[in-house]
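Colleague: Could we go through this structure together, one topic at a time?

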Amino acid sequence: MLKVTGAIAHLLARPGVERPGPNGASLRQHLAYGPTGIALLHIERAASGLGPWQRAHDWLAAATRAPFTAGPDSHPFYGAPALAHAMACAADHASGAYQRTLTLLDRQLAVDVRRRLDAAHRRIDAGQLPDLAEFDTIRGLAGYGAYFLRRAPSGEETRAILDYCVRLTEPITHNGEVLPGWWTLTGPSGLPDSDFPDGHGNTGMAHGIGGVLALLALAARSGAPVDQHHQALRTILAWLDRWQDGNARGPIWPYWVTRDELRTGHPAPSPPRRPSWCYGAAGLARAQQLAAIALGDTDRQLSAENALVAALTDTVQLHATTGNGLCHGFAGLAHVAARTADDAHPSTAGQLRAAIPALLTLPCPPGADPDETAIEIADDKDAGPGFLDGAAGIALALMAPATQAPPRTSWDACLLIA
């Protein structure tokens with residue numbers, strides 16, 4: 001696997017012609033698809049002594065040939081925050097590099113976060129429900145929290161975001177109904193949706209309360225809790241307990257809860273769903289494991305870890321998984337499993353690690369030529385070369401199993417799994 005990651009890194013050694021995104025839009029500022037995400041691969045390899053720093057510098061230089069968007073039009077995976085994440089990963093290991101730019105970015109992000117927090121607290125004061133983009137990992141305050149928790153765990157911005165996350169868990173009465181504070185009136189896309197006429201409660205790591213749970217848990221483990229921090233963790237955990245659905249293969253959680261389901265108290269039947277990072281059992285099991293560790297709840301920790309083992313060995317759920325990428329593919333499952341195993345109870349750590357090789361047989365077939373495997377991954381036009389779905393993210397996810405060590409940089413901090 002390490003040879004495959006090296007071969008992918010070689011194929012992505014130099015920035016080429018910019019690849020257009022949907023509707024011809026530029027991807028330059030996207031962490032998920034653009035050069036900052038590809039830079040993460042070269043930063044991790046350089047920090048691990050497996051590749052030259054020049055490749056990382058080249059990709060960051062390609063990203064910064066034009067100004068980055070800041071303010072209301074940016075978010076953790078787009079614009080200045082995306083650039084800041086990549087530069088922070090590099091600055092931690094490339095002595096003296098990027099510090100001046102990173103200081104400027106930190107100041108801008110602090111301004112942006114304060115603006116977002118002010119708007120969020122005004123919304124709560126008015127008794128209104130949030131948009132997903134207010135709080136989620138990809139576009140919202142949980143994502144900003146991931147960045148500031150890493151940069152300054154006890155800093156003013158971190159604590160302000162955590163205070164907001166605690167407040168988000170308080171119920172809101174809307175049209176006479178008591179709803180979770182994270183209930184939104186849109187569909188999962190963040191737009192009005194006729195399939196969700198009364199909105200939904202999103203559980204996912206990418207766009208739902210799962211990301212908030214993970215942020216609160218990671219902050220508690222870092223020793224920086226705020227008032228009512230543990231109660232907020234328990235509130236989210238109780239919600240997930242309420243909607244957990246079990247079968248012979250293990251517990252699963254719905255991607256979201258509709259208003260009809262909330263009123264009846266029962267989830268509607270659904271087809272098997274993939275256990276991905278973004279939605280499903282993998283991301284939510286990791287978030288619940290982190291929360292259980294923060295609360296000192298060994299029974300809950302074991303339950304979360306066993307739920308992940310069950311999901312990773314359930315052929316029904318795995319058959320629903322398509323693609324190889326980090327977000328919702330097999331590489332992402334393997335990386336979540338590796339991160340979870342690093343913190344797991346001895347009784348489950350071995351089971352989690354034992355599940356990883358089978359997950360990687362699709363992106364990295366045993367016995368296949370590493371160069372040919374890398375070319376096949378890099379040539380996937382639908383996935384692209386980027387971080388969240390494409391070749392760079394797959395290469396990063398292969399590194400931990402290949403080296404038997406956690407990442408040297410914090411490249412996966414933006415996913416709120418570590």
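Predicted model: local features only at pLDDT ≥ 70, side-chain atom pairs only at ≥ 80, totals over all residues.

Colleague: At what angle do α15 and α16 pack?
Modeller: Helix α15 (residues 330-343) and helix α16 (residues 346-359) pack at about 160°, and their axes are 9 Å apart. Axes are lines fitted to C-alpha atoms, for helices over the stretch in contact, and angles run from 0 to 180 degrees between N-to-C directions. α15 and α16 are therefore roughly antiparallel to each other; the classes are roughly parallel under 35 degrees, roughly antiparallel over 145, roughly perpendicular from 65 to 115, and oblique for the rest.

Colleague: And which residues meet there, in α15 and α16?
Modeller: On the α15 side they are F330, L333, A334, A337, A338, T340, A341 and D342, and they meet A349, L352, R353, I356 and L359 in α16. The residues of this contact divide into 10 nonpolar, 1 polar and 2 charged. Contact means heavy atoms within 4.5 Å. Ala, Val, Leu, Ile, Met, Phe, Trp, Tyr, Cys and Pro count as nonpolar, Asp, Glu, Lys and Arg as charged, and the others, Gly among them, as polar.

Colleague: Next, how do the axes of α9 and α12 cross?
Modeller: The axes of helix α9 (residues 209-221) and helix α12 (residues 281-295) come within 8 Å and cross at roughly 30°. The two helices, α9 and α12, are therefore roughly parallel to each other, and their crossing is left-handed. The α9 residues G210, L213, A214, A217, L218, A220 and R221 meet L284, A287, Q288, L290, A291, I293 and A294 in α12. By class, this contact has 11 nonpolar, 2 polar and 1 charged residues.

Colleague: And α12 with α13, are they parallel or antiparallel?
Modeller: α12 and helix α13 (residues 298-312) pack at an angle of about 165°, with their axes 8 Å apart. They are therefore roughly antiparallel to each other, and the crossing of α12 and α13 is left-handed. Here A281, A282, A285, Q288, Q289, A292 and I293 in α12 meet R300, Q301, A304, E305, L308 and A311 in α13. The residues of this contact divide into 8 nonpolar, 3 polar and 2 charged.

Colleague: Changing topic: how many residues has the largest nonpolar core?
Modeller: The largest nonpolar core has 135 residues, and W277 and F387 have the most contacts inside it. Such a core is a set of buried Ala, Val, Leu, Ile, Met, Phe, Trp, Tyr and Cys residues joined through side-chain atoms within 4.5 Å. Buried means under 20% relative accessible area, exposed over 50%, and partly exposed in between (1.4 Å probe, protein chains only).

Colleague: What is W277 in contact with?
Modeller: Apart from neighbours within four places in sequence, its contacts include T137, I138, M205, A206, L326, C327, L415 and I417.

Colleague: Is C165 buried or exposed?
Modeller: C165 counts as buried because its relative accessibility is 1%. C165 is placed in helix α8 (residues 156-168). Residues up to four places away in sequence aside, C165 touches V212, L215 and L216. Its C-alpha atom is separated by 8.0 Å from that of F135, 30 residues apart along the chain.

Colleague: And P171, buried or exposed?
Modeller: P171 is exposed, with a relative accessible area of 59%. It is placed in the loop between α8 and β1. Not counting residues up to four places away in sequence, P171 touches V178, L179, P180 and G181.

Colleague: Finally, what is the phi of N175?
Modeller: N175 has a positive phi of about 50°, although it is not a glycine. N175 is in the loop between β1 (172-174) and β2 (177-179), and at 71% relative accessibility it counts as exposed. Q228 also has a positive phi, near 65°, in a residue other than glycine. Q228 is placed in the loop between α9 and α10 (229-243), and at 55% relative accessibility Q228 counts as exposed.

Terms used:
Residues numbered from 1 in each chain as written. Heavy atoms only, no water. Helix = DSSP H or I, 4+ residues; strand = E, 2+ residues; numbered from the N terminus. Left-handed = near helix turned anticlockwise from the far one by under 90°.
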